[in-house]
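Please examine the sequence and the three-dimensional structure shown below.

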Amino acid sequence: MRALHDLPAPAKLNLFLHITGRRPDGYHLLQSAFMLIDWCDTLHVELRAGGGISREDVDGGAALPADDLCTRAARALQQATGTRQGAHITLEKSIPAQAGMGGGSSDAATTLLALNRLWGLHLGRGALERIGLSLGADIPFFLRGRNAWVEGIGETITPLENVHALPRSRFVVVKPAAGLDTKSIFSSPSLERDSQRATISGFAAAHYRFGKNVLQPVAEQLCPEVSQAIQWLENRGLQARMTGSGSAVFAQMTHAIELFDLPTGWRAKVCDNLRLHPLAGWAADED
C-alpha cells in the first residue's frame, strides 16, 4: 500500500452549545451536540521514504500555516509510535475556515486514520483519540465517527444512538466572507458561562430546536456578518443559528429555498446529515 486517495473529512454542526462553567486552568466546560454533515474536505496520502512529512493544497493558494493540523497530526503519530515512515498529504479544501464547522480538526482526524492504515500501525481508536486530543478538542469526535453529545472540553463523548439518534434531515449552511477568532469570543467578559446543565433526553425531545448557541451574541458583536447571515436565512422562512464559534450559520430545511443573491464572498450549501463518518470503520474500538 503506497497511497490512499479520496479520503473524506466531513464537517460538523453544533446543534446547540452551552457553557456550564470553567476549569481552574481556564478551559471552558461545554455541552453540545455535534452532528456530521456531508460538506467534506478530501485528502490524498502517499507513503514517503525517510520519515519526512509534507503537505500541499490542491488549489496551490495561500501558504500553509506553520501550525497546520494535518502536519502536526502526522508528526504526533510518528512520535507516539516511533515509526520512521513518512508521508505526503494533499488536501482538497472545501470546508470554509473560521466557520465553526471543525474543518481543520476533521482533516487531522482523517490524517490520523489514514496514516494508521498506510503505516501499518494498527492503533486502536482510543490511542488515536489520545493523540488527537493533544492537538485539538474536536479531533476525538471525528475519530469516533458518530453524531454525539459532547461535554467537558470536548473529551467526553456519548454517541447519539438508538432512541437518541438524530433524525435524517437536510440543512442550509451559510458562511459569510468574514471569519471569527475563537479566542476573542471565549475571552469576552459578556460571554454567558453559567448555562444550566442539559440532559440527552431533554435534547432528544427537540433535536433541532433545543437550546441555543451561547457564543452567538458575542460573535454577532464582533462580526456583524453573522447577524446578516442569520437574517438572510430568516428572510427565507428558516430558523437559523450559528455553529460552534462561527461565523457559519445554519438552518434545518423545512422547505426548499434558492441559494442565490448571496453577498460577495459568501458561500452557501445544502447539506444532509450523516449517521456515520465515511471512515468510521478504519480503527478498532479496542486499543
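The structure holds zero disulfides, where a disulfide is defined as a pair of cysteine sulfur atoms within 2.5 Å. In general, a disulfide is a covalent bond between the sulfur atoms of two cysteines. Cys 40 is in no disulfide, and the nearest cysteine sulfur, which belongs to Cys 271, is 8.8 Å away. Cys 70 is likewise in no disulfide; for this residue the nearest cysteine sulfur is that of Cys 40, at 14 Å. Cys 40 counts as partly exposed because its relative accessibility is 22%, and Cys 70 counts as buried because its relative accessibility is 2%. Here buried means under 20% relative accessible area, exposed means over 50%, and partly exposed lies in between, with a 1.4 Å probe and protein chains only.

The model is a predicted one, in which local features need pLDDT of at least 70 and side-chain atom pairs count only at pLDDT 80 or more, while totals for chains, interfaces and linings use all residues. Residues are numbered from 1 along each chain as its sequence is written, and side-chain values use heavy atoms, with hydrogens and water left out.

A search of the whole structure finds nine aromatic pairs. Rings of Phe, Tyr and Trp (its six-membered ring) pair if their centres lie within 6.5 Å; planes under 30 degrees apart count as stacked, over 60 as edge-to-face and the rest as tilted. Phe 16 and Phe 203 form a tilted pair, with 5.8 Å centre to centre and 40° between the planes. Because Phe 16 lies in strand β1 and Phe 203 in helix α6 (residues 200-204), this pair ties together parts that are 187 residues apart in sequence. Both Phe 16 and Phe 203 are buried. Phe 203 also pairs with Phe 210, in an edge-to-face arrangement with 5.7 Å centre to centre and 90° between the planes. One aromatic cluster is formed by Phe 16, Trp 149, Phe 203 and Phe 210.

The charged end of Lys 12 sits over the ring of Phe 34, 5.0 Å from its centre. Arg 236 lies over the face of Trp 232, at 3.8 Å from the ring centre. A charge sits over a ring if NZ of Lys or CZ of Arg is within 6 Å of the ring centre and within 35 degrees of the ring normal.

A cis peptide bond, with omega about 15°, joins Gly 246 and Ser 247. Ser 247 is found in the loop between β8 (240-242) and β9 (249-252). Gln 98, in the loop between β4 and α2, has a positive phi of about 50° although it is not a glycine. With 47% relative accessibility, Gln 98 counts as partly exposed. Asn 162 is not a glycine either, yet has a positive phi of about 55°. The loop between β6 (156-159) and β7 (170-175) contains Asn 162, which is exposed, with a relative accessible area of 72%.

Pro 167 is placed in the loop between β6 and β7. The C-alpha atoms of Pro 167 and Leu 274 are separated by 9.8 Å, and these residues are 107 residues apart along the chain. Not counting residues up to four places away in sequence, Pro 167 touches His 207, Tyr 208 and Asn 273.

Methods. Helices (H or I, at least four residues) and strands (E, at least two) are DSSP runs, numbered from the N terminus. Contact means heavy atoms within 4.5 Å.
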